[in-house]
Amino acid sequence: MKHYVAVDIGASSGRLILGKLVNEKLQLEEIHRFKNGFTYRDGHERWEIDQLMQEIFIGLEKIKQLGISECVLGIDTWGVDYVLIGASGEKLADPISYRDKRTLNAVQNLTSEYPREYIYKKTGIQFMELNTLYQLYVEERNLLERAEKILLIPDYIGYVLTGVKVAETTNSSTTQMLNLREQLFDKDLLSHLNIDVEKFAPLTDAGAYLGKVKAEWLEEYDIPNCDVVTVATHDTASAVVGTPAEGENWAFLSSGTWSLIGMELIAPINNEAAFKENYTNEWGAYGTYRFLKNIMGLWIVQEIARMDDYKHSFAEMAEEASNYPYFKQIINVNDARFNNPENMVDEIKLYCQETGQTVPETIGELTNCVYGSLALYYALELEKMTEITGKKIEKLYIVGGGSNVAMLNQLTAKLAGIEVFAGPSEATAIGNLVVQMINQGEIESMRAGRKIIRNSFEIGEFSCGDVRFEEIKERFTKVLEFN
């Protein structure tokens, strides 16, 4: 029996999950979990990338202690952030987080020289200041000139493990630098940044074999002999692979620090309507596209908890939220002011005050406000997706950590007026494992993998109810447009 390891690292935590296929069912075991986050050093918010590598080795040593001497391994992380590699293969600096303020006004500055419509037509990717395009636009020129290669975070981890440099497509597409038509890094965009295309590794599709873990790591650490597969390295791409969907008319919501709501398509949509609504066409596994919208997500709830010194668990916060009527106040969760404020609680209160709404005071009122706002955003985006794609959406599959928030799931089902399926919470790691198993011939296809997922995990169901969506939408239109 083959053993598979998903290295799944998000913005706030990481984990190594051991998986195997037994009687056509996936079995998972979390082996190692660790915290992740950025710290302010050398003038920027930076990721502790060396510490992340150590945590991976710690997890692999734990796997070896279980008596597993050989395994297959895949890596997924968050998108857009990168590591600059010098001529000798060394890391030139710790990577800067997408939440760093260095890209403030970068979109405006770049698009004043290069029209938004032109960039969108080329890439089909939404405009966000965190995109790699704008990070490189403001990157220190000296470092860029010294860099031989620019590797996104999961590609860098794969490089450290195997010595092989690639640019996996599901993650590379989030950079806003891939040309939809040419299926390559866009030389025109890169020339505008004075970056040679050779600074990027060869593009590689999800599901390709990367290489074996280097002998030096087997000598330094007591870890299994690993074959590394390049999975869908962007965590959302892996989460979509791990979505237990069936049929055609469905949408997904990967709910975690970010909420990524969208549809899986076989062709991108980068027309005027998609551009106007700032929808993105990220590349997916096996020739698909993730037509989606980024929404700030449960990051806001996480920050409320942090401001409260974590006195309440997330479950307790949800319970407290249920004590208040929903839609008493709404915030524009995608307003840049909620990206990384010094105090999230104060920012929410100020927003409500400025928009003439009741100001939430308690932990329950604040959480209630965020859940109601997210549910409304989900419903609005599903409505827009139907208009842009011309496809009727009959089901919404919610995966990731947010799939455990039953109250938010039910609110979403009622507002959107569609059936909601919730789970599995570890969809990202599951999608990571499924791609590995397809590579190794244990699973035939992504469709077959999704059938196995449906048979392997409990999926919650939430039915739509009688909620006055149009009335709520109209009531908060001005609030949502407030800037």
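**Core, sheet, charges and backbone**

Tutor: In the largest nonpolar core, which has 144 residues, Ile-300, Ile-304 and Ile-348 touch the most other members. A nonpolar core here is a set of buried Ala, Val, Leu, Ile, Met, Phe, Trp, Tyr and Cys residues joined through side-chain atoms within 4.5 Å. Buried means under 20% relative accessible area, exposed over 50%, and partly exposed in between (1.4 Å probe, protein chains only). This is a predicted model, in which local features need pLDDT of at least 70 and side-chain atom pairs count only at pLDDT 80 or more, while totals for chains, interfaces and linings use all residues. Residues are numbered from 1 along each chain as its sequence is written, and side-chain values use heavy atoms, with hydrogens and water left out.

Student: Which helix gives the most to this core?

Tutor: Helix 15, residues 363-389, gives the most, with 15 residues. Helices (H or I, at least four residues) and strands (E, at least two) are DSSP runs, numbered from the N terminus.

Student: And what is Ile-300 in contact with, leaving aside neighbours within four places in sequence?

Tutor: With those neighbours set aside, Ile-300 is in contact with Ile-331, Val-333, Phe-338, Met-344, Ile-348 and Val-370. Contact means heavy atoms within 4.5 Å.

Student: What does the second, separate core include?

Tutor: The second core has 25 residues, among them Leu-21, Ala-232, Ile-452 and Phe-457.

Student: Let us turn to the sheet. In what order do the seven strands run?

Tutor: The order is 17-18-16-15-19-20-21, in an open sheet with mixed pairing. Two strands pair if DSSP finds at least two bridges between them. Strand 17 (280-283) and strand 21 (460-462) stand at the edges with a single partner strand each, so one side of each has no neighbour in the sheet.

Student: In which sense do strand 17 and strand 18 pair?

Tutor: Strand 17 and strand 18 (residues 289-295) pair in the antiparallel sense, over four bridges. Trp-283 stands opposite Tyr-289 in strand 18.

Student: On to charges. How many salt bridges does the structure hold?

Tutor: There are 26 salt bridges, each being a side-chain nitrogen of Lys or Arg within 4 Å of a carboxyl oxygen of Asp or Glu. In one of them, Glu-347 pairs with Arg-337, and the closest N and O atoms are 2.9 Å apart. Glu-347 lies in helix 14 (residues 344-354) and Arg-337 in the loop between helix 13 (314-321) and helix 14, so the pair ties together parts that are ten residues apart in sequence.

Student: Are Glu-347 and Arg-337 buried or exposed?

Tutor: Both Glu-347 and Arg-337 are buried. Arg-181, by contrast, is exposed, with a relative accessible area of 71%. Arg-181 forms a salt bridge with Glu-182, with 3.7 Å between the closest N and O atoms. Glu-182 is partly exposed at 40%.

Student: Which residues are joined into a network?

Tutor: Through salt bridges that share partners, Arg-41, Glu-48, Asp-50, Lys-91 and Asp-94 form one network.

Student: Last topic, the backbone. Which peptide bond is cis?

Tutor: The bond from Gly-423 to Pro-424 is cis, with omega near 0 degrees. Pro-424 is in the loop between strand 20 (419-422) and helix 17 (427-439). Most residues other than glycine have a negative phi, and most peptide bonds are trans.

Student: What is phi of Asn-23 near, and where is Asn-23 found?

Tutor: Phi of Asn-23 is near 50 degrees, a positive value in a residue other than glycine. Asn-23 is in the loop between strand 2 (13-22) and strand 3 (25-35), and counts as exposed at 71% relative accessibility.

Student: And Asn-194?

Tutor: Asn-194 also has a positive phi, near 60 degrees. Asn-194 lies in the loop between helix 8 and strand 12 and counts as exposed at 61% relative accessibility.
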